[in-house]
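Here's a quick briefing to read with the model open in your viewer. Take the topics in order and click along as you go.

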Amino acid sequence: MGHHSLPDDSARAGTGARPRRRRRTVAVATAVVLAVAAGSAVALRTDLLPFGGPCDGSSVEVDVVASPDIAPALQTVAEKARDDATRTDGKCLDVRVRARPADEVADSLAQRPANPEFQVWIPDSSLWAERVADEGGSSLTAAGTIASSPIALGAVPSAAKALGWPDKTYTWTALARAATSGSGLHLGVADPTRSATGLLALARTDTANRKEAKDGDKAAGRTAATAKLLYERVADGDGQLLATLPHDGSGAEQRNPRRNQALLLSEQAAYAHNTTAGGPALDLLYPEDGAAELDYPYTLVNDQELTADQSRAANRFLTLLDDTDGQHTLRGHGFRSSSGSADPKLVGAAGGREPQPYATATTNPPSAEELKALLGMWTTTVQSTRITPAVDVPVSTALAHPGQGGRSRLDLAEDSRPQALDTCTPEDEVGLWKFAAHLDGTKGYVELTPTGRLGDRGEKGRAHRDELATAFRSLPPVPRASGPYATALAAYRQARAT
């Protein structure tokens, strides 16, 4: 090997000219350092360089829109990438994260041409991307899932104790009944038309009803009745839902009729509440027949229109979220991994405790068709109802109906009555008419019970719902023809008048 001189070798060899030359070299080097420092200051002020990183000014910007619950974690990973001058194909990665509710983004992307100003969308659930695809909106490509969070029932300590937490476990149907039984426990839920949590919880309840009832009509009636009760305490969105909890542990707050003592929410939302909020911490009850789950898909928007740099940069950010540091950051914000495996420490902070089945595998997500049907049911069911059924009672209705095992049309009407009334809340108004030719003089109809609130009580103290049930059972056939047209017109006129 050749000889390598030490930095001060020249000083020992020196002649008269060498010191002056060395001084000049130091002066030039100092000027270069000062120039670089000044240039860096300008670059920092103009965002050309990431703070604290040796970026040369060449960067690729990626705009990410994410659900508000996961956006802070993504922002932390993005800031670390800038600080570390993380590169993609030699260029610095500059990821900018904005929080927007998933339903708003889905509505925007469903319209063509959407022309979104972002390349990556991370909603809280795949159902939003499916909705966009179903409506023929912007092209979306799922590149993977980055996190997950099961949906459970969170309750303030007094309510959790009343429900038997943590030792007692519930199925979805039993949990819904326990929390909506009128025992004074107020259960809140985010609007299923705006919240994946609310919609998936309703879907899971519907699936459990179908499995338990083993009869489609009966199960649908139960789900509709649950939807009615949930609607009484519905919040516009996930953020507004948490605001309905008691603000503190005082008796006034706990007894405030506007406050909810229990919520259907994600484990991550409970974690965030318990670790940051000042109100009573939540305890979590996990359904034993499998929780629904938020899955946080990493979605490329109009990926065919992305530049090569943007596409590679978007994929680079995905790898950062998937690596150990990224997953650690997501865990620190209360999210499980995409596999859904439970972390006892995270679960404990969120309010879970053994023997609650927090590690039970989540269920398969509902199909797009099932969700669409549920949303239709929700929209029609939660409207306040005022109806007057009119039942025809000519003698022919007492004859056996073909294919019904000897039962008559009146029998079938009686069979349908409980299912119909079960979908109604005490606020709904229902009456009952019967019709046949000349039942009341020249009129072809008779009012058996006036249209009124099912929860109201009559002169004898009986609930109007019970009076209707009795009236349905007392529909003897009469030997006359029916008069449906005059009856329909009279009912229409009365509805207009009242």
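Let's start with strand S7: two bridges join S7 to strand S9 (residues 262–266), and the two run parallel. Two strands pair if DSSP finds at least two bridges between them. This is a predicted model, where local features need pLDDT of at least 70 and side-chain atom pairs count only at pLDDT 80 or more, while totals for chains, interfaces and linings use all residues. Residues are numbered from 1 along each chain as its sequence is written, and side-chain values use heavy atoms, with hydrogens and water left out.

**Asp 191**
- You'll find Asp 191 in the loop between S7 and H8.
- Asp 191 is buried but has no salt bridge, and the nearest side chain of opposite charge, Arg 194, is 4.4 Å away.
- A salt bridge would take a side-chain nitrogen of Lys or Arg within 4 Å of a carboxyl oxygen of Asp or Glu.
- Leaving out residues up to four places away in sequence, Asp 191 touches Val 234, Ala 235, Asp 236 and Trp 378 (contact means heavy atoms within 4.5 Å).

**The six-stranded sheet**
- Six strands make an open sheet with mixed pairing, in the order S2-S3-S1-S4-S12-S5.
- S2 (87–88) and S5 are at the edges with a single partner strand each, so one side of each has no neighbour in the sheet.
- S4 and strand S12 (residues 297–301) run antiparallel and are joined by two bridges; Val 120 has Leu 300 in S12 as its bridge partner.

**Helix H5**
- H5 packs on that sheet, touching S4, S5 and S12.
- The buried residues of H5 (residues 126–134) are Leu 127, Trp 128, Ala 129, Arg 131 and Val 132.
- Those buried residues pack against elements including helix H4 (102–109) and helix H16 (368–381).
- Just after H5, Gly 136 takes a positive phi of about 70°.

How values were computed:
Helix = DSSP H or I, 4+ residues; strand = E, 2+ residues; numbered from the N terminus. Buried < 20%, exposed > 50% of the residue type's maximum accessible area, 1.4 Å probe, protein only. Lys, Arg positive; Asp, Glu negative; His and termini not counted. Axes fitted to C-alpha atoms, helices over the stretch in contact; angles between N-to-C directions.
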